[in-house]
Amino acid sequence: PDENVLAHGSLDRGIYLHGLATGETRELWGHNHYVARLAFSPDGEILASGSDDHTVRLWRVADGEEIQKLVVEGTVNDVRFSPDGDIVAFCDRQGHVHVFEIVHDDYRKSVFVELGSAEALAFIPQTKQIVVSSVNGVVRFLNLESFQVERTLKIADGNLRDVQCSPDGRTLAIARDHEIRLVDVHSGRTIQVFPLSDWANRTNF
């Protein structure tokens, strides 16, 4: 969100904030294992980090202070902020999806949704849903209020390594094996497939 700051996580357990205008680098330390995922809040004030140490940590970007540590049962596979920045959601290798409400400092819900492994998640804009991808070729739409699975779509065989939702909430981009697949959110119909020569790990709109 702030084009003046670039963040990266490292195998050395550190997080590095690079000031693109100043050339300065700040270091954030706290994780006990490599940093697997990073996400900025929409206003750029908070950085969320997920690690193989089974924690998600929230950092205040302005001064680098760790303001929250959330413990999970497995390696953190993904972490995302809601479009309004009020919620951070994350998933782990054990198949759990977690939702933390930042504005009320409330660990709203943690649920095991029987995915085998929750690989990635994305908020569906202008809805109360997140979509979660898994190792068994299925995505599930989870209601953020009831925390029930409202819909399940079988996309294809194999591991769905990443899922992203377009800003208009109409299209999913799914990374799997040797392709990127675009899927209509409402009908579940495949719109387009982009074949690749190697595995697709991440995608983004």
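This is a predicted model: local features need pLDDT of at least 70, side-chain atom pairs count only at pLDDT 80 or more; totals for chains, interfaces and linings use all residues.
The largest nonpolar core comprises 16 residues. Within this core, Val 131, Val 139, Phe 141, Ile 155, Val 163, Leu 172 and Ile 174 touch the most other members. Strand 12 (118–124), strand 14 (138–143), strand 16 and strand 17 each contribute at least two residues to the core. Apart from this core lies another, made up of 14 residues, including Val 56, Leu 70, Val 72 and Phe 90. The surroundings of Ile 174 were examined with residues up to four places away in sequence left out of the count. On this basis Ile 174 touches Val 139, Ile 155, Leu 160, Asp 162, Val 163, Glu 179, Ile 180, Arg 181 and Val 183.

Strand 16 spans residues 160–165 and is mostly covered, with six of its six residues buried. Strand 16 runs antiparallel to strand 17 (residues 171–176), and five bridges join the two. In this pairing, Asp 162 of strand 16 is positioned opposite Ala 175 of strand 17. The two strands form a hairpin with five residues between them, and in this hairpin Gly 169 adopts a positive phi near 75°.

Two arginine side chains are placed over aromatic rings. The charged end of Arg 151 sits over the ring of Phe 141, at 4.1 Å from the ring centre. Phe 141 is also among the residues of the largest nonpolar core that touch the most other members. Arg 161, for its part, lies over the face of Trp 199, and the distance to the ring centre is 4.0 Å.

A search for aromatic pairs across the whole structure returned one. This pair is formed by Tyr 16 and Trp 29, whose ring centres are 6.1 Å apart; because the ring planes meet at 80°, the arrangement is edge-to-face. The pair links distant parts of the chain, since Tyr 16 belongs to strand 2 (residues 15–19) and Trp 29 to the loop between strand 3 (25–28) and strand 4 (35–40), 13 residues apart. Tyr 16 is buried, with a relative accessible area of 12%, whereas Trp 29 is partly exposed, with a relative accessible area of 44%.

Tyr 16 also takes part in the surroundings of Ser 10. Ser 10 lies in the loop between strand 1 (5–9) and strand 2, and is buried at a relative accessible area of 17%. When neighbours within four places in sequence are set aside, Ser 10 is in contact with Tyr 16, Tyr 34 and Val 35. The C-alpha atoms of Ser 10 and Ala 36 are 7.8 Å apart in space, although 26 residues separate the two in sequence. A further loop residue, Gly 44, is found between strand 4 and strand 5 (46–51). Gly 44 counts as buried, at 11% relative accessibility. Between Gly 44 and Glu 3, which are 41 residues apart along the chain, the C-alpha separation is 9.3 Å.

The search of the whole structure for disulfides returned zero. Cys 91 is in no disulfide, and the nearest cysteine sulfur, in Cys 165, is 15 Å away. For Cys 165, the closest cysteine sulfur is likewise that of Cys 91; because the separation is 15 Å, the two are too far apart for a bond. A disulfide would require the sulfur atoms to lie within 2.5 Å. Both cysteines are buried: Cys 91 has 0% relative accessibility, and Cys 165 has 12%.

Backbone geometry was considered next. Most residues other than glycine have a negative phi. Gln 126 has a positive phi, near 65°, and is not a glycine. Gln 126 occupies the loop between strand 12 and strand 13 (129–134), and is exposed, with a relative accessible area of 81%. Asp 177, also a residue other than glycine, has a positive phi of about 35°. Asp 177 lies in the loop between strand 17 and strand 18 (179–184), and counts as partly exposed at 23% relative accessibility.

Conventions:
Residues are numbered from 1 along each chain as its sequence is written. Side-chain values use heavy atoms; hydrogens and water are left out. Buried means under 20% relative accessible area, exposed over 50%, partly exposed in between (1.4 Å probe, protein chains only). Helices (H or I, at least four residues) and strands (E, at least two) are DSSP runs, numbered from the N terminus. Two strands pair if DSSP finds at least two bridges between them. Rings of Phe, Tyr and Trp (its six-membered ring) pair if their centres lie within 6.5 Å; planes under 30 degrees apart count as stacked, over 60 as edge-to-face and the rest as tilted. A charge sits over a ring if NZ of Lys or CZ of Arg is within 6 Å of the ring centre and within 35 degrees of the ring normal. Contact means heavy atoms within 4.5 Å. A nonpolar core is a set of buried Ala, Val, Leu, Ile, Met, Phe, Trp, Tyr and Cys residues joined through side-chain atoms within 4.5 Å.
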